[in-house]
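Here are my notes for when you have the model open. Have a look at it first, then read on.

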Amino acid sequence: MNLCSHYQECPGCDYWGISYQEEKKLKIENLKNFLSHKFLNTESLNIQFHSLAGPTQIRDRVDLQWRKNIGWGYVHGPSSKLIPILKCLLMTEPLSQFYEFIKTINLPYEKASIRLRVSPKNEWGLWLDLPNNDIKDLLENQSPILDKLLSKSIVEIGQKRKRLIKNPDLIKYKLDKNPHWHNWFVTSNLQGKDLPLYSLVGGFTQVGFEINKILVIEVLKLIKKLKFKNNFELAESPIVELGAGIGNFTFGFLSEGYKVIAIENDPQALDALKFSLENHYYKFTTEKLKLSDQLKIVGWNFLKNEPPPFATSGILFVDPPRSGLGKFLENPIWKSDPSFEYIIYVSCSLESWKLDFEKLSEKNYDLKNISIVDQFSRSKNVELISVFQKSTAAIK
Ligand SMILES: C[S@@+](CC[C@H](N)C(=O)[O-])C[C@H]1O[C@@H](n2cnc3c(N)ncnc32)[C@H](O)[C@@H]1O
C-alpha cells in the first residue's frame, strides 16, 4: 500500500497506514456503534460494503485552494490552514496529470478556490473562484496565465461559473453568461452501460465515475428487489426523487422504465438535467419511450413548508445535501396516510442521516437495509444507502 506523504497533516484522510481490509472492518464497526439506538437492533443488521478494488485513485473531481506564498492544497477546516499538496493518491491518474499542470500555475492573488475535474473523455475542467476585483484583474491583466490555462483546459470563473472565452480579436478575454453544458460526468444503467451526464465544471457531481456507477447500480438493484403490499404496481406510480441534481439517479430510473418525478432547487442543475435529457435520452434506451409520460422535472425547494408538487407514491428516493432532509419531514405531506411505502435514502452525512432516521422511525418507517458505498475511502466519512419500509400495521 502506497503511503501518502501528506497523511499526517492533510485534513482529507483519516486511515493511512492500515490496509483497506482493516479500513472496511472499521467503517462497518463504526457504523454499527453509531447506529445503536432505541429504534434499532444493530446485531441483526447485515451491513453490505461496496467499493472499488482499492482505496486510492477514486476521485475524478476534487476541490482545492490557492494561498499566495504557499501554493495549492487542501484547507484544514478548524484552523483554516492550507496544507500544500504535491500529490493526492485519491485522484485518478488523469486527474493527477491535470493537477501536475495546475501546480505550474502561480496566481498573483492572496486566495482562490478551485474545482478540478476530468471528463469521461479525459478533457480537463477547471472552476476558479476568487474575489470580484481579482477576477477583473485576471481578465484584464493576466493573459499569460489565462492563455496557459485555456491551452489545456476548459475554464469557468466566479460564483456563477461563467465560461472563459477569448474574444474574436484574440486579445481580450471575457466570461460568457450563457452556460456551456459539457459531458463532464457519467452515470449507469443496471447493466453498467454508461449514460452521459451534462453539467458545468463547477456543478455538483459525485466524486468519481467508477464508484458512482457502483452507487447507482446498487440503488437500482435494491429497487428491483422491493416487494409491495396491496398489489402496488411500481410501473404505474412515479418514483418521487428529491435532490435529483443533474440526473445521476434519474437516468438510471428512466432506463429501467420507471416513471420519475425529479425534484431539485438548483436552477443550473435543473437546466443541465434537461439538456442531458433533450440531447441524449433516446440513446439511453433501446425503445423510444414516451418521455412526457415517464418524467416530470420540478423546481421545488423541499425545505419550504408548502404542499409538495406530488402525491404520495410507492417510492420516495432522497439524496439530500449534507444537512439532510430537515424540515421536509415536517411537511404536511406526512399527515396523509398511507404515504410512501418505501423510502430509499442516500446520504453522505451520518449525523444528519441519524436525525432523519429518528424522525422516520417516529413516522412508523422501519429500517430494512443499510449499505456503505465507499466513496470516501481513507476518510471516516461514508456514503450510505438505506431502505425504509412503512410498517405493516401502518399500511392500510
Ligand atoms: C448530494 S446532491 C445529489 C445530487 C444527485 N442526486 C447526484 O447524485 O448527483 C444533493 C442535491 O440536492 C439538491 N438540494 C439541496 N437542497 C435542496 C432543497 N432544499 N430542495 C431541493 N433540492 C435541494 C442540491 O442542489 C443537490 O443537487
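1. Which residue of β9 stands opposite K166? That would be Y173. Strands here are DSSP E runs of at least two residues, and helices are H or I runs of at least four, both numbered from the N terminus.

2. Before going further, two caveats. This is a predicted model, where local features need pLDDT of at least 70 and side-chain atom pairs count only at pLDDT 80 or more, while totals for chains, interfaces and linings use all residues. Residues are numbered from 1 along each chain as its sequence is written.

3. Back to the strands, where pairing means that DSSP finds at least two bridges between them. β8 (residues 162-166) runs antiparallel to β9 (residues 173-176), with 4 bridges. On β7 (residues 153-157), β8 is again antiparallel, with 2 bridges, and E156 stands opposite R163. The β7-β8 hairpin has 4 residues between its strands, and G158 there takes a positive phi near 85 degrees.

4. The largest nonpolar core has 87 residues, and L126, I315, I343 and I344 have the most contacts inside it. (A nonpolar core is a set of buried Ala, Val, Leu, Ile, Met, Phe, Trp, Tyr and Cys residues joined through C-beta atoms within 7 Å; buried means 20 or more other C-beta atoms within 10 Å of a residue's own, with C-beta atoms placed from the backbone.) The largest share of this core, 6 residues, comes from helix α5 (residues 209-225).

5. I343 is worth a click: leaving aside neighbours within four places in sequence, I343 is in contact (C-beta atoms, placed from the backbone, within 7 Å) with L316, V318, L360, Y365 and F388.

6. On α5 itself, the buried residues are F209, I211, N212, K213, L215, V216, V219 and I223. Their cover includes α6 (250-255) and several strands, among them β10 (182-188), β15 (315-318) and β16 (342-347).

7. Now G125, in β6 (residues 124-129). G125 counts as buried because it has 21 C-beta neighbours inside 10 Å. Not counting residues up to four places away in sequence, G125 touches R117, S119, S153, I154, W184 and V201.

8. Last, the ligand: 19 residues surround it, the closest being G243, G245, N248, N265 and D266. (The cut-off is a backbone-placed C-beta atom within 6 Å.) The shell divides into 9 nonpolar, 7 polar and 3 charged residues. Nonpolar covers Ala, Val, Leu, Ile, Met, Phe, Trp, Tyr, Cys and Pro, charged is Asp, Glu, Lys and Arg, and the others, Gly among them, are polar.

Terms used:
A residue is buried if 20 or more other C-beta atoms lie within 10 Å of its own, exposed if 12 or fewer, and partly exposed in between; C-beta atoms are placed from the backbone. Two residues are in contact if their C-beta atoms, placed from the backbone, lie within 7 Å.
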